[in-house]
Amino acid sequence: GDFIPAIDYPRRMWVGGKINYLSFLSVNQIILHRSSISNIEDKIGKTGPMTFVTLMHEYLAGDELLLQEEQKIVYREASTEPAIRPTNKLGSNADIKKDCDWSRQIIPDTTLLFRYSAVSFNAHKIHFDHEYVNKEGYPGLLVHAPLTATLLIDLYQSENTNIKITSFEYKAQRPLYVNDPVMLFGKDKEDGSVHLWAEDCSGAQAVTARLEIEK
């Protein structure tokens, strides 16, 4: 579109973000959504050249900034090798992990992916079109990185009620696929922050996150 600069790489992926919760948004409140490009950076990665674009979204009521969201998107060349689906190594005791305070297993299905695409206005075919993802070299529909981040926040909030979150930052490290079990973990840190992470069905970290709360 007119907002994002012309980038020739065919692959686009959401690789992370950060949200600062400054105040509450209320029902029937008139909100101004203001977006800007804060950074464009070219890099060389394992798959070749790529471009990172950082978007900044601000939500205001009058002159008051209520919420600030930073989105990190990477554009890169198409891979010459097809992606390999992780081997499911989760057993009946997969939710038992010593070094965590909370855990949960979830199996993202096509309905969940479709609903999240709809509520987030995300029309990327990689989340709902099987034929498209096969042509792109993936073995199945990809789970949205922000969906995994949302599930990690929900893991924390379900175990910690009436606590105000002030900021949340996450990074996507590897893809998660539809119908594959995903393990969600959380742990309180000594500095008062919260460490959250999601593992794929092979036990590899897929998304890591850091959450700050009001002290």
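Reader: What makes the largest nonpolar core a core, and which residues have the most contacts inside it?

Author: In this predicted model, the largest nonpolar core has 32 residues. A core of this kind is a set of buried residues such as Leu, Tyr and Phe, joined through side-chain atoms within 4.5 Å. The residues with the most contacts inside this one are Leu152, Tyr156, Phe168, Leu184, Leu196 and Leu211.

Reader: Which elements give two or more residues to this core?

Author: They are the helices α1 (110-119) and α3 (145-159), together with the strands β6 (165-172), β7 (182-188), β8 (194-199) and β9 (205-213). Helix α3 gives the most, with seven residues.

Reader: Let's stay with α3. How do you know that its span is close to the one expected?

Author: The helix has 15 residues, and 1.5 Å a residue gives an expected 21 Å.

Reader: What does Phe168 touch, leaving out residues up to four places away in sequence?

Author: Its contacts include Ala149 and Ile153, both of which are among the buried residues of α3. Phe168 also touches Gly17, Lys18, Ile19, Tyr21, Leu196, Ala209, Arg210 and Leu211.

Reader: Why is the pair of Trp102 and Tyr156 called edge-to-face?

Author: Two values settle that one. The ring centres are 5.5 Å apart, and rings pair when their centres lie within 6.5 Å. The planes stand at 80 degrees, and an angle over 60 counts as edge-to-face. The model has three aromatic pairs by this rule.

Reader: What parts of the chain does the pair of Trp102 and Tyr156 link?

Author: Distant ones: Trp102 is in strand β5 (residues 102-106) and Tyr156 in helix α3, 54 residues apart. Both partners are buried.

Reader: What makes you say that Lys43 lies over the face of Phe52?

Author: Lys43 is at 5.1 Å from the ring centre of Phe52, and the distance cut-off for a charge over a ring is 6 Å.

Reader: How do you know that Cys100 and Cys201 form no disulfide?

Author: A disulfide needs two cysteine sulfur atoms within 2.5 Å. The sulfur of Cys100 is 18 Å from the closest cysteine sulfur, in Cys201, so the two are too far apart for a bond. The count therefore comes to zero disulfides.

Reader: Are those two cysteines buried or exposed?

Author: Buried means under 20% relative accessible area. Cys100 has 14%, so it counts as buried, and Cys201, with 2%, is buried too.

Reader: Why is Glu58 called buried?

Author: Its relative accessible area is 18%, and the cut-off is under 20%, so Glu58 counts as buried. This residue lies in strand β3 (residues 48-61). Apart from neighbours within four places in sequence, Glu58 is in contact with Leu32, His33, Arg34, Leu65, Leu67 and Gln68.

Reader: What makes Tyr177 buried, given that its place is in a loop?

Author: The loop in question runs between β6 and β7, and Tyr177 has a relative accessible area of 3%, so it is buried. Among the residues that Tyr177 touches are Ala83, Arg85, Pro86, Pro108 and Tyr138. Tyr177 and Pro108 are 69 residues apart in sequence and 7.9 Å apart in space, C-alpha to C-alpha.

Reader: How do you know that Val133 is buried, and what does it touch?

Author: Val133, in helix α2 (residues 130-135), has a relative accessible area of 1%, so it falls under the cut-off. Leaving out residues up to four places away in sequence, Val133 touches Lys125, Ile126, Tyr138, Gly140 and Leu141.

Reader: Why are Asn28 and Phe121 called exposed?

Author: Exposed means over 50% relative accessible area. Asn28 has 78%, so it is exposed, and Phe121 also counts as exposed at 78%. Asn28 lies in the loop between β1 (11-21) and β2 (32-45), while Phe121 is in the loop between α1 and α2.

Reader: What is the phi of each?

Author: Asn28 has a positive phi of about 70 degrees although it is not a glycine. For Phe121, phi is near 55 degrees, again a positive value in a residue other than glycine.

Technical notes: Residues numbered from 1 in each chain as written. Heavy atoms only, no water. Buried < 20%, exposed > 50% of the residue type's maximum accessible area, 1.4 Å probe, protein only. Helix = DSSP H or I, 4+ residues; strand = E, 2+ residues; numbered from the N terminus. Contact = heavy atoms within 4.5 Å. Expected span 1.5 Å × (residues − 1). Phe/Tyr/Trp six-rings, centres within 6.5 Å; stacked < 30°, edge-to-face > 60°. Lys NZ or Arg CZ within 6 Å of the ring centre and 35° of its normal.
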